[in-house]
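Good morning. I will take a few minutes on aromatic rings and their neighbours. Please have the sequence and the model open.

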Amino acid sequence: MQILVRKLMQRISHKQATGCRAYCTKMVADIGQPTPASHPQLLKEGEMTPGITTEEYISRRNRLLDLLPENSLAIIAAAPVKMMTDVVPYTFRQDADYLYITGCQQPGGVAVLGHDCGLCMFMPEADSHDVIWQGQIAGVDAALEIFCAKKAYPMRDLHKYLPGLTYGCSKLFHNRQTAIPTYMKLESFQKLAKNGKVGDLSTFTHALRWIKSPAELKLMKESASIACQALLQTMFHSKTYPYEGMLSAKVEYECRMRGAQRMAFNPVVGGGPNASVIHYSRNDQKIKDGELVLMDVGCELHGYASDLTRTWPPCGRFSSAQEELYDLILETNKECLKLCKPGATISQIHNYSV
């Protein structure tokens, strides 16, 4: 098979190979992620990612520049591909800061943001072999046309252009969680780091992300609604199938069927004493008759996560002791919700609950 593929690749050009993978109807360009043209069921005209407009992404960049010190520069690398085995990758999830600023949902890129250069994106390049095995990816053209970068270059040219961008900057901020040797080994970066002029960008990006726009709030509510509906269906399912693993599978199925891309975290499904393990994730036990099951679950919808916890008896009946404890915790929860108002802190609410 591999010999056949090599012979075929020798006979077709890179353009032909990428073209045969761009299989969207009506000859719509495939950039490796949904666009209004390729996925009208997901994105409206003017949106860069589902629910978030191009104008909002540009506003985010400008607000980040307003927070950055004068004459400073920000570098944000995309999340790396993580491998489950030597040849099988985990499902890719983009770094939240990189997605928040660029709108790009794909690995392999580096974004630079500065007062003078605006948004400059360095994009990966795919050869014909990559396209056949993994599909199309966003390149330089997509960075300019879809992500609205002011400048864009191939990643192989990072060493040529980044030193010029960092030259003379007072301070450089980067995302330490996704930092890559490709730029950290450059002499210009090393010099700034040696002089104490490299800081953590998350201080600024997290401050931006604390305040949600109306579009973000809508996505968060939709994510919570999906998780609530999925959990309700799972509760109905639990009397017939009182197994932690089956309930975990059921809630994920229901979330995905309602549009979620993934679970926000590994579902916690603890029956009986397993419910007391905060991050219990084995989900491999049968729930005995008379036991309660606790589920801590959430889903992710276009980058926005939900998180909820519920406890109930799969058998359909609380014992008197279980009901008394449940009501006590429910009343505590309601009182804590009353404290959730501007000016309140997490520690104040926590101290009240204990």
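What follows goes through ring pairs, then a cluster, then an arginine. Keep in mind that this is a predicted model.

To begin with the count, there are five aromatic pairs in the structure. I will describe two of these pairs by their geometry.

Take F173 and F204. Their ring centres are 4.9 Å apart and the ring planes meet at 80°; planes over 60 degrees apart count as edge-to-face, so that is the name for this pair. Where do F173 and F204 lie? F173 is in strand β7, residues 171–174, and F204 is in helix α10, residues 202–210. The pair therefore ties together parts that are 31 residues apart in sequence. Are F173 and F204 buried or exposed? Both of them are buried.

Next, F318 and Y326. Here the ring centres are 5.1 Å apart, and the planes stand at 50°, so this pair is tilted. As for accessibility, F318 has a relative value of 31%, so F318 counts as partly exposed. Y326 has 32% relative accessibility and therefore also counts as partly exposed.

Now the cluster. Which residues form one aromatic cluster? They are F122, Y153 and Y161.

Last, the arginine. R60 lies over the face of Y57, at 4.7 Å from the centre of that ring. R60 also lies over the face of Y100, and in that case the distance to the ring centre is 4.0 Å. To locate this on the screen, find R60, then look for the rings of Y57 and Y100.

That is the end of my part.

Key
Residues are numbered from 1 along each chain as its sequence is written. This is a predicted model: local features need pLDDT of at least 70, side-chain atom pairs count only at pLDDT 80 or more; totals for chains, interfaces and linings use all residues. Side-chain values use heavy atoms; hydrogens and water are left out. Rings of Phe, Tyr and Trp (its six-membered ring) pair if their centres lie within 6.5 Å; planes under 30 degrees apart count as stacked, over 60 as edge-to-face and the rest as tilted. Helices (H or I, at least four residues) and strands (E, at least two) are DSSP runs, numbered from the N terminus. Buried means under 20% relative accessible area, exposed over 50%, partly exposed in between (1.4 Å probe, protein chains only). A charge sits over a ring if NZ of Lys or CZ of Arg is within 6 Å of the ring centre and within 35 degrees of the ring normal.
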